[in-house]
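My entries are below the display.

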Amino acid sequence: MPPAVQKAVVFIRDRVERGDFPPGSRLPAIAKLASMAGVSLVTMWKATKELRDLGILSGYHGQVLTVAGNFSVASHWSNQESESRLNDSSNALQKSWQRIKANLEMDILNNVYSSGGPLPSFKELQVRYNTTYRTLKKALSRLLEEQLVEPYKKGFAVSLPSAGKSSGEIVFITWGKVPGFLDIGSMDDFLLHSLESQSRNMGMNFRILIFSLIDDTPVFTNPGSERPVDLEDTEDIYGYIYLVNQEVAVNEHIFKWFFHTNKPISLINEIGDWQLPSGIAGKPLVRQFTMTASAQPVREVARYLLGKGHKTIAYFSPFHGGTWSRLRLKTLSDTYTAAG
């Protein structure tokens, strides 16, 4: 039972128990009852329906409602049952706001709502998460306590990362042909925002550096600036994430630097058939995460096309400079060759 309806039910039940509405008496109009209980007209209508189903009230929609002539508090709804229902309602409400909070938090971390940007209106959020105003407000108040959101006009906005609240930082490094230019695609951009949100949620800063080569000399720059910066392995740095999204990013200079650090390093492999250099492959704090498609899905596509009778196919790829694209072509060719 929704909390507002529960409130209206208890309001009527208490007055029946006190004798304000004795057995056989007529109840005020639903609009009047709603005003007295401080709930909406629809909520009070649902409450009276609940009480009719329990046999406490009699009458139907459009008729005058009366308290059942043979009504007995003990027989219809004991105090113990009342407490049980209230507890069940309270537990349901708690589970409800926790679920909405978890969904909102996940969407914030997945960058459904941009950092620093406003959240949709309360009405939009109620529709999107299929919840009540009260439950949504409870969930948002908890996110406000955790500093994931902040007050904004009549609603809330997603909080920006704050250096003052952080206990350290994670450094994200990606290749850039031009110093200061963040050369990533839409999927990498989504990954970047997700990592930033996750870092913020852990109370850490998220710093982005661009790795480039100038006359075969490694250079690190901040996004939007061509001025080189020093990459110092300080105690404030908890670890590094290196995005390998093109073959030129597999560079001995950056791996030599990684070899000398004792911090955790996550290598995100987006180019496919590539192995860690032997110098850092055995380091316990180095992990590689492959995000490119393997050969298996391509093999299944080839078998599907063969099953449809397509003996000759064409392969088009705007990214054929990447190892993963060539791997797809080779897998298609091998599968068709094996099929004769």
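This is a predicted model: local features need pLDDT of at least 70, side-chain atom pairs count only at pLDDT 80 or more; totals for chains, interfaces and linings use all residues.

Residues are numbered from 1 along each chain as its sequence is written, and side-chain values use heavy atoms, with hydrogens and water left out.

I looked up the strand order and found six strands in an open sheet, E7-E6-E5-E8-E9-E10, with mixed pairing. Strands here are DSSP runs of E with at least two residues, helices are runs of H or I with at least four, both numbered from the N terminus, and two strands pair if DSSP finds at least two bridges between them. The edges are E7 (217-221) and E10 (286-290), each of which pairs on one side only.

I then followed E6 (residues 205-214), which is joined to E7 by five bridges and runs antiparallel to E7; Ser 212 has Val 219 in E7 as its bridge partner.

Next I turned to E8, where seven of the eight residues are buried (under 20% relative accessible area, with a 1.4 Å probe and protein chains only). E5 and E8 run parallel and share six bridges, and Phe 172 stands opposite Ile 241 in E8. E8 and E9 also run parallel, joined by five bridges, and Val 244 has Asn 269 in E9 as its bridge partner.

Terms used. Buried means under 20% relative accessible area, exposed over 50%, partly exposed in between (1.4 Å probe, protein chains only).
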